[in-house]
Amino acid sequence: MKTLQHLLIASLLAVPVAHAQEERPARTEKTTPALAVTDATLSLLEPASDGCQWAQMDPVTSARRVIAKLAVECQGASTALSRDGKQGAARFWRGGVSQPVVGRPTFPEKFPSPAFRDRLFLVDLTTGGAEELPLPGSGKLIEFGFDAKGRLLGLTIQKPTPEQERAGAVEVDGNTIRFGLNGTTRRALLAHAFVWRDGAWTRLDAKASTESSGTGVLPIRKELGERSSRVLDPRFTPKEIEDDALLDQLYAFTPEQPEGEWAALERGGYTLAVWGTPFGEELLATGLLRRVDKGKAVALPGHTYRENDLVSIQARGQFLLISLADSGGHPRLYRGKKLVWSSENARAVTFWPK
């Protein structure tokens with residue numbers, strides 16, 4: 001199995017550069033007042049008759065607010081929110097889909113058509129106004145989000161030209177950036193940090209990188225706030241299961257593929273036994289999991305993910321939210337032993353930040 005970074009960067013480098021939208025889309029009407037945020041309040045994107053709508057909802061009370069309506073399909077959706085709750089960003093791209101570990105996924109994704117293009121919208125959360133933005137001019141947009149100042153940041157990865165690779169360096173804004181791979185087999189890449197201001201992207205930083213480092217070489221990455229790409233990541237640090245009786249129960253479910261191990265994962269008040277596949281010193285959470293209750297491995301109601309699926313596991317208060325990794329699709333929200341809410345068409349589902 002390829003690593004997530006290799007798969008992500010390989011897919012991004014193969015995507016044609018998207019063209020900036022020439023028309024400024026119409027502003028949407030003023031939204032209903034913001035909901036009182038509880039432990040169960042969610043952010044999600046879902047198909048609508050005229051495109052894709054971003055909604056805030058509380059599955060327990062059924063309270064719901066449509067934040068914005070976007071003239072685009074929901075495929076490949078991801079979101080980001082500013083810390084003050086006034087701005088949001090929604091992106092639709094090929095990388096925002098769920099990939100199986102091996103074989104066929106439980107929930108196959110529709111393959112993007114040749115007409116599919118990467119699109120990014122800046123959303124005013126108080127009015128519902130949405131404006132499509134052009135993408136940064138260098139490389140492929142990998143991550144985006146808002147910093148503590150409310151600025152929208154975009155982090156990109158760019159593949160150097162063969163000439164630049166042979167030279168081992170590239171000029172960016174008058175500065176020489178050296179790759180320094182020293183004869184290794186790693187692929188040289190460039191990571192760029194941009195900020196959206198005054199109607200254009202301005203480069204803040206550029207550094208040499210590799211497939212394994214990605215945008216992590218950019219110090220400003222640490223300033224990115226709430227974003228679905230972070231919480232929908234399937235990686236977790238494994239904790240050994242020491243209860244032999246529990247391991248005996250789990251043995252009956254152990255798959256031949258994919259390669260992996262049973263590990264304990266504690267989120268909120270939940271303890272889960274998760275079949276994880278290796279990823280460096282971490283594991284990737286698969287859909288093969290059980291809730292641990294008094295030493296018993298208990299199936300979650302309505303849980304239809306399998307070992308082929310990578311999943312995101314989120315928890316807040318009494319609630320546990322499980323969805324497909326990366327896409328945030330096919331979510332299941334639990335409170336204790338009860339399935340509170342599920343959806344087969346929502347995407348980029350995360351808890352709304354308090």
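**Ground rules.** I took helices (H or I, at least four residues) and strands (E, at least two) as DSSP runs, numbered from the N terminus. I let two strands pair if DSSP finds at least two bridges between them. This is a predicted model, where local features need pLDDT of at least 70, side-chain atom pairs count only at pLDDT 80 or more, and totals for chains, interfaces and linings use all residues. Residues are numbered from 1 along each chain as its sequence is written, and side-chain values use heavy atoms, with hydrogens and water left out.

Entry: I looked up an open sheet of four strands and read its order as 8-9-12-13, with antiparallel pairing. At its edges I found strand 8 (140-146) and strand 13 (200-210), each pairing on one side only. From one strand to the next, the twist averages 20 degrees; for this, axes are lines fitted to C-alpha atoms (for helices over the stretch in contact), and angles run from 0 to 180 degrees between N-to-C directions. I then followed strand 12 (residues 188-197), which pairs with strand 13 over 10 bridges in the antiparallel sense. One pair I noted is Ala-191 with its bridge partner Lys-207 in strand 13.

Entry: Between strand 12 and strand 13 I came to Asp-198, which sits in the loop. Asp-198 is not a glycine, yet its phi is positive, about 55 degrees. As a reminder to myself, most residues other than glycine have a negative phi, and most peptide bonds are trans. Is Asp-198 buried or exposed? I call a residue buried under 20% relative accessible area, exposed over 50%, and partly exposed in between (1.4 Å probe, protein chains only). Asp-198 has 82% relative accessibility, so it counts as exposed.

Entry: I placed Asp-326 in the loop between strand 20 (319-324) and strand 21. Its relative accessible area is 28%, so Asp-326 is partly exposed.

**Entry: a hairpin.** Strand 21 (residues 332-335) runs antiparallel to strand 22 (residues 338-342), and four bridges join them. I saw Arg-332 standing opposite Ser-342 in strand 22. The two strands form a hairpin with two residues between them, and Gly-336 in the turn has a positive phi of about 65 degrees.

**Entry: a disulfide.** How many disulfides are there? Counting cysteine sulfur atoms within 2.5 Å of each other as a pair, I got one disulfide. It joins Cys-52 and Cys-74, with their sulfur atoms 2.0 Å apart. Cys-52 lies in strand 2 (residues 51-58) and Cys-74 in the loop between strand 3 (63-70) and strand 4 (77-81), so the pair ties together parts 22 residues apart in sequence. The torsion about the S-S bond of Cys-52 and Cys-74 is about 105 degrees, so the disulfide is right-handed. Both Cys-52 and Cys-74 are buried.

**Entry: a cis peptide bond.** I found the peptide bond from Gln-257 to Pro-258 to be cis, with omega near 0 degrees. Pro-258 lies in the loop between helix 4 (244-251) and strand 15 (261-267).
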